[in-house]
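Please read the following note with the sequence and the structure at hand. It is written for a reader who is new to looking at protein models.

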Amino acid sequence: MTKPYRLLFVCLGNICRSPSAENIMQHLIAEAGLSDRILCDSAGTSSYHVGSSPDRRMRAAASQRGITLQGSARQFTTADFEAFDLILAMDEDNYRNILAMDRHDRYGDKVRLMCDYAEHFRDREVPDPYYGGPDGFNYVIDLLMDACQGLLTQIQQSAEFTA
Ligand code: 4NP
């Protein structure tokens, strides 16, 4: 039995984008019958909302697509660099803030932008929906559905996973 592959999704507050990515990915992993082989978690670079449930507006958008958002916000820590195989940043600020915590430049290969895995959407970042209207939350879900599907395909094809 090989060790499960561990994914960590990271945004600023860990109440909108990264819990959505985590729960969408978990949904796709379950559909693919891989729940014992790929594990998901999420975190925020800030401590603003530590302990909070996912944002109500984000939960509403996710539930329209059949996804229930669960979890409670926590802050990213340096221990996450060792604990996870792949760390997915929602935007470039998150990406820079994660790498700034990698004091000895050891984990750069594990940190990626989530949108790099999107196959249909052309965005470079998952836009922060927090201060906008409902369209922004719906857009985040649709973009993340695409990027999570692309990510799952890439993991399934990777040498590390098939070995
Ligand atoms: P998230 O969204 O990073 O996708 O969880 C935000 C949540 C809270 C804030 C900003 C973005 N905030 O400024 O409190």
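1. The model under review is predicted. This should be kept in mind throughout.

2. Helix α1 covers residues 17–31 and helix α5 covers residues 134–157; their axes come within 9 Å and cross at roughly 50°. An angle under 35 degrees would count as roughly parallel, and one of 65 to 115 as roughly perpendicular. The helices α1 and α5 are therefore oblique to each other. Their crossing is right-handed.

3. The structure contains four aromatic pairs. In one of them, the ring centres of Phe-121 and Tyr-139 are 5.5 Å apart and the ring planes stand at 75°. Planes over 60 degrees apart count as edge-to-face, so the pair of Phe-121 and Tyr-139 is edge-to-face.

4. Where in the chain do Phe-121 and Tyr-139 lie? Phe-121 belongs to the loop between β4 (111–113) and α5, whereas Tyr-139 is part of helix α5. The two residues are 18 apart, and their pair links distant parts of the chain. Phe-121 has a relative accessible area of 24% and is partly exposed; Tyr-139, at 31%, is also partly exposed.

5. A further pair is formed by Tyr-130 and Tyr-131, with ring centres 4.9 Å apart and planes at 85°, so this pair is edge-to-face. Are these two residues buried or exposed? Tyr-130 is partly exposed, with a relative accessible area of 27%. Tyr-131 has a relative accessible area of 78%; since exposed means over 50%, Tyr-131 counts as exposed.

6. Elsewhere among the aromatic residues, ring pairs join Phe-76, Phe-81 and Tyr-107 into a cluster.

7. Arg-122 is located in the loop between β4 and α5. Its relative accessibility is 76%, so Arg-122 counts as exposed. Along the chain, Arg-122 and Ala-159 are 37 residues apart, and their C-alpha atoms are separated by 27 Å.

Terms used: Residues are numbered from 1 along each chain as its sequence is written. This is a predicted model: local features need pLDDT of at least 70, side-chain atom pairs count only at pLDDT 80 or more; totals for chains, interfaces and linings use all residues. Side-chain values use heavy atoms; hydrogens and water are left out. Axes are lines fitted to C-alpha atoms, for helices over the stretch in contact, and angles run from 0 to 180 degrees between N-to-C directions. Helices (H or I, at least four residues) and strands (E, at least two) are DSSP runs, numbered from the N terminus. Angles under 35 degrees count as roughly parallel, over 145 as roughly antiparallel, 65 to 115 as roughly perpendicular and the rest as oblique. A crossing is left-handed if the near helix is turned anticlockwise from the far one by less than a right angle, and right-handed if clockwise. Rings of Phe, Tyr and Trp (its six-membered ring) pair if their centres lie within 6.5 Å; planes under 30 degrees apart count as stacked, over 60 as edge-to-face and the rest as tilted. Buried means under 20% relative accessible area, exposed over 50%, partly exposed in between (1.4 Å probe, protein chains only).
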